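Hi everyone, thanks for making time today.

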Amino acid sequence: MATIERKAGEAPIKPEYRKEKWFDDDSNEDGSNAVFGDDDDAEGKKFGGGGDNQKRKNTRGANKGQRGKKRIVDEVRICKMLAADQECIFKEECRFSHDLKKYLETKPADLGDRCIQFDLFGSCRHGYKCRFLKAHMDADGNLIKNEELIKKNPVYTTNGISPETQKALMKGKYEFPKATAFLKELEAELGNQPGAQKKRKIDDVETEDGSKENKAEPATDSSKPEIDADLPDVNMNVEPKVGPIDEERPYKKLIDFRNKTYLAPLTTVGNLPFRRICKEYGVDITCGEMALCKNLLQGQQSEWALTKRHVSEDIFGIQICGARPDQVARACEVINNEIDVDFVDLNMGCPIDLVFNTGAGSALPESKGKMTRVLKGMRRMLDVPVTVKFRTGIKHGVLTNQKLIPVFESLDISLGTIHGRSRQQRYTKLSNWDFIRDVKQLSKNMPIYGNGDVLSFEDYNKHKEETGVDGIMIGRGALIKPWIFDEIKQQRHWDISSKERFEMLKRFCDYGLEHWGTDSQGVNTTRRFLCEWQSFLYRYIPAGLLEVLPQRINERAPPFRGRDELEDLMASPRASDWVKLSERLLGPAPEDFVFMPKHKANSFEG
């Protein structure tokens with residue numbers, strides 16, 4: 001075997017497992033740009049562009065916008081009520097087919113003989129549309145139901161939004177008594193500030209009939225100031241006076257945030273099935289994907305779906321994002337009324353343009369007065385702890401956000417988590433744990449967590465010991481190897497086998513089919529999210545293949561071969577191989593199924 005020289009920044013893989021290139025064919029999918037390019041996706045790139053000086057290239061060609069998201073349409077579009085063995089309420093006026101025989105004749109073949117929905121709940125909500133239909137259909141073509149299990153009515157997932165609440169939000173009929181009172185206090189407080197009358201007011205304006213309209217009033221000498229204006233700012237050199245938060249009241253649940261592992265809130269890949277996997281490997285705290293307050297208040301079903309919680313998530317929070325105190329306060333009042341969470345986290349670290357340009361995410365700490373009012377409103381609205389996540393600052397090398405700590409402590413914020421990067425910084429440079437240490441030393445009472453570049457229990461131990469932080473939040477490290485939480489608890493390097501990893505993926509697919517459904521669309525969604533996750537998972541280098549442990553998150557994997565065919569497939573940086581892996585778990589992918597990894601579909605400069 002020819003000697004292969006190890007390059008700077010490459011992982012130290014044992015010589016017997018090295019090879020000259022990933023593929024013998026002419027494929028361009030060589031993984032050379034995959035180590036850092038897709039990490040911004042976990043920060044919320046589903047909403048748009050990246051940080052400063054990052055210009056988005058338009059994706060061209062037939063694959064634009066697909067990435068496996070294409071809606072599955074059956075050849076015969078059967079009525080959903082009929083498919084579920086229910087009487088159609090629209091009868092002759094129904095625009096869908098009621099020809100069940102024709103539908104079954106054209107329906108794609110089953111993908112297996114076990115339906116997770118039927119096993120868990122006694123019936124499958126998709127009925128005849130289920131891709132595992134033979135698990136709950138008898139020889140005469142009738143749907144089978146387990147009446148005993150149906151009577152037990154087991155509940156494994158909670159939260160979301162009721163149709164009644166959704167309708168009230170969409171029609172502007174939801175009542176916000178606590179938020180309304182709080183906003184009046186803010187208006188009175190700001191009205192007494194010099195120059196406040198010169199600001200324009202952008203807020204919900206009462207109309208003559210009592211309904212509310214979102215209007216922008218021009219600048220006048222009105223005594224009502226703009227409550228989401230950055231006026232007056234907080235003097236960060238003194239202890240801020242923010243006034244009383246509320247009358248003494250106990251939290252619904254007391255949480256000791258110290259010395260716990262925390263799975264970072266991750267956009268797209270931090271879905272409920274993935275969080276269940278991490279819970280199985282021992283993570284203590286989980287948090288839902290970032291939800292935009294504006295979308296929550298509009299009653300968007302997709303946004304409220306981000307609040308769903310599995311029963312295994314014993315310490316669970318949701319992360320929200322917003323910049324307007326009125327908007328955030330109202331969203332928090334709905335959250336407090338409608339769903340069951342243990343804490344609410346405010347995202348003050350999201351770097352993407354679409355969020356940043358509204359003054360939210362990593363822009364919010366730059367407007368100290370507005371940030372204070374947002375957090376004060378959250379504390380007033382919620383009966384659960386409020387936590388925050390933020391970065392070092394906006395520009396790389398310019399550290400500013402250590403000044404936030406006195407404000408957080410004055411507001412009795414329950415936990416602060418610092419991602420040791422600026423908004424401008426990408427992942428080619430390591431997280432600044434020296435800054436995290438300095439912030440921890442500034443904190444008097446508030447627990448501080450650090451975040452960034454932890455991929456082993458040794459990284460965890462080193463950062464915790466050197467900085468004195470109360471805990472560590474793990475994001476990319478958990479996507480690459482979710483068993484990291486087990487390694488931390490057991491203080492070991494786990495040379496996990498390809499078979500064990502495959503069983504983990506099987507469980508994820510079961511959880512996906514339970515969560516997203518067992519019809520063609522649910523299977524397609526599960527497949528897409530599996531491929532999304534695999535775009536991180538393939539980076540894992542089996543411990544037994546490394547000359548030196550542990551694997552470092554900033555080291556690239558050179559071409560290597562695994563110890564068996566499955567380990568080879570799991571290490572492939574080729575998206576088409578990720579689809580092949582999904583087919584071993586979910587059956588053949590649709591002919592037009594296309595998965596394009598985000599670092600290929602949306603590349604950035606700068």
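This is a predicted model: local features need pLDDT of at least 70, side-chain atom pairs count only at pLDDT 80 or more; totals for chains, interfaces and linings use all residues.

Now for the chain as a whole. It has 606 residues, and 57% of them are buried. You can pick out 22 helices and 13 strands. If we take the contacts between residues at least 6 apart in sequence, 73% of those join residues at least 24 apart.

Next, an annotated stretch. An unreviewed UniProt entry marks residues 74–101 as "domain: C3H1-type". In the model, that stretch is 21% helix and 0% strand, and its end C-alpha atoms lie 14 Å apart.

Finally, let's zoom in on one residue, asparagine 295. You'll find asparagine 295 in helix H8, which runs over residues 293–297. Is asparagine 295 buried or exposed? Its relative accessible area is 15%, so asparagine 295 counts as buried, the cut-off being under 20%.

And what does asparagine 295 touch, once we set aside its neighbours within four places in sequence? The answer is Gln300 and Glu303. With glutamate 303 there is a polar contact, side chain to side chain, at 3.4 Å. Alanine 331 is 36 residues away from asparagine 295 in sequence, and in space the two are 9.2 Å apart, C-alpha to C-alpha.

Key
Residues are numbered from 1 along each chain as its sequence is written. Side-chain values use heavy atoms; hydrogens and water are left out. UniProt positions are given in the numbering used here, feature names are shortened, and annotations may be inferred rather than shown by experiment. Helices (H or I, at least four residues) and strands (E, at least two) are DSSP runs, numbered from the N terminus. Buried means under 20% relative accessible area, exposed over 50%, partly exposed in between (1.4 Å probe, protein chains only). Contact means heavy atoms within 4.5 Å. A polar contact is a pair of N or O atoms within 3.5 Å; within protein, one must be able to donate a hydrogen and the other to accept it, and residues adjacent in sequence count only if both atoms are side-chain atoms.
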